[in-house]
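This report describes one protein model, its core, a pair of packed helices and a few selected positions. The sequence and the structure are shown first.

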Amino acid sequence: MKASVTELPFNTFLGIRIGAEPTQLLRLPSGEQYLNHLGAVHASAQLALAEASSGEFLLRHFGSTDGLVPVVRRLEAKFRKPANGAVTSVASAPPESLAQLDADLASKGRSLIPVTVELHDESGAHTLSATVEWFIQRLPTNVQKTDETP
């Protein structure tokens with residue numbers, strides 16, 4: 001079991017970390033490897049941070065993904081301003097959506113939930129708004145999930 005999505009190999013490769021401030025969920029550090037042809041943080045790097053942030057938000061909601069198979073179904077994003085330097089995230093979902101998620105998983109064994117993610121660069125510029133829709137299915141109780149199970 002992973003304690004954070006930052007432990008996933010792809011997110012580790014990218015350098016995604018837990019946010020340094022209480023108001024930050026995750027953080028993509030500053031670095032040349034993240035830059036596009038204009039010298040700003042590449043769109044793909046920001047999308048990876050948004051997706052990881054939505055997953056981290058849900059992991060914190062559940063406390064563990066044992067017995068669950070979460071997969072991204074859709075990601076919609078709007079780039080607002082060029083990102084420069086380190087980029088941080090916040091993520092949220094309405095309490096009623098989280099309650100419906102829990103109820104659906106308990107009654108049907110599966111559910112969809114949209115998670116809203118906002119990214120800001122180190123200057124405070126709002127660089128991206130995204131909605132990441134997750135499909136989550138509860139594994140049958142006779143199926144054991146391991147770290148090797150996706």
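Threonine 88 lies in strand E4, which spans residues 87–92. The model is a predicted one. With a relative accessibility of 15%, threonine 88 counts as buried, because the cut-off for that class is under 20%. Apart from neighbours within four places in sequence, threonine 88 is in contact with Gln24, Leu26, Arg27, Leu49, Glu118, Leu119 and His120. Proline 9 is 79 residues from threonine 88 in sequence, and the two C-alpha atoms are 19 Å apart in space.

Glycine 85 is found in the loop between strand E3 (68–79) and E4. Glycine 85 also counts as buried, at 18% relative accessibility, since this value falls under 20%. When residues up to four places away in sequence are not counted, glycine 85 touches Ser30, Val41 and Glu122. Arginine 138 is 53 residues away from glycine 85 along the chain, with 39 Å between their C-alpha atoms.

**The nonpolar core**

In soluble globular proteins, nonpolar side chains tend to be buried together. In this model the largest nonpolar core contains 31 residues. Leu28, Leu58, Ile113 and Ile136 are those with the most contacts inside this core. Two or more residues are contributed by each of strand E2 (26–28), helix H2 (43–62), helix H3 (95–107), strand E5 (110–121) and strand E6 (126–138). The most comes from H2, which gives seven residues.

Leucine 58 has contacts with Leu101, Ile113, Val115, Trp134 and Ile136, leaving aside its neighbours within four places in sequence.

**The packing of H2 against H3**

Two packed helices are described by the angle between their axes and the distance between the axes. For H2 and H3, the axes come within 12 Å and cross at roughly 65 degrees. H2 is therefore roughly perpendicular to H3, and the crossing of the two helices is right-handed. On the H2 side the contact is made by Phe57, Leu58, His61 and Phe62, and on the H3 side by Leu98, Leu101, Asp102 and Leu105. By class, the residues of this contact divide into six nonpolar, one polar and one charged.

Leaving out residues up to four places away in sequence, aspartate 102 touches His61 and Phe62.

**Serine 107**

Valine 90 is 17 residues from serine 107 in sequence, and 30 Å separates their C-alpha atoms.

**Separations in sequence and space**

The table sets out the C-alpha pairs for the selected positions.

| Residue pair | Separation in sequence | C-alpha to C-alpha distance |
|---|---|---|
| Threonine 88 and proline 9 | 79 residues | 19 Å |
| Glycine 85 and arginine 138 | 53 residues | 39 Å |
| Serine 107 and valine 90 | 17 residues | 30 Å |

Terms used:
Residues numbered from 1 in each chain as written. Predicted model: local features only at pLDDT ≥ 70, side-chain atom pairs only at ≥ 80, totals over all residues. Heavy atoms only, no water. Core = buried A, V, L, I, M, F, W, Y, C linked by side-chain atoms within 4.5 Å. Buried < 20%, exposed > 50% of the residue type's maximum accessible area, 1.4 Å probe, protein only. Helix = DSSP H or I, 4+ residues; strand = E, 2+ residues; numbered from the N terminus. Contact = heavy atoms within 4.5 Å. Axes fitted to C-alpha atoms, helices over the stretch in contact; angles between N-to-C directions. Parallel < 35°, antiparallel > 145°, perpendicular 65-115°, else oblique. Left-handed = near helix turned anticlockwise from the far one by under 90°. Nonpolar A, V, L, I, M, F, W, Y, C, P; charged D, E, K, R; others polar.
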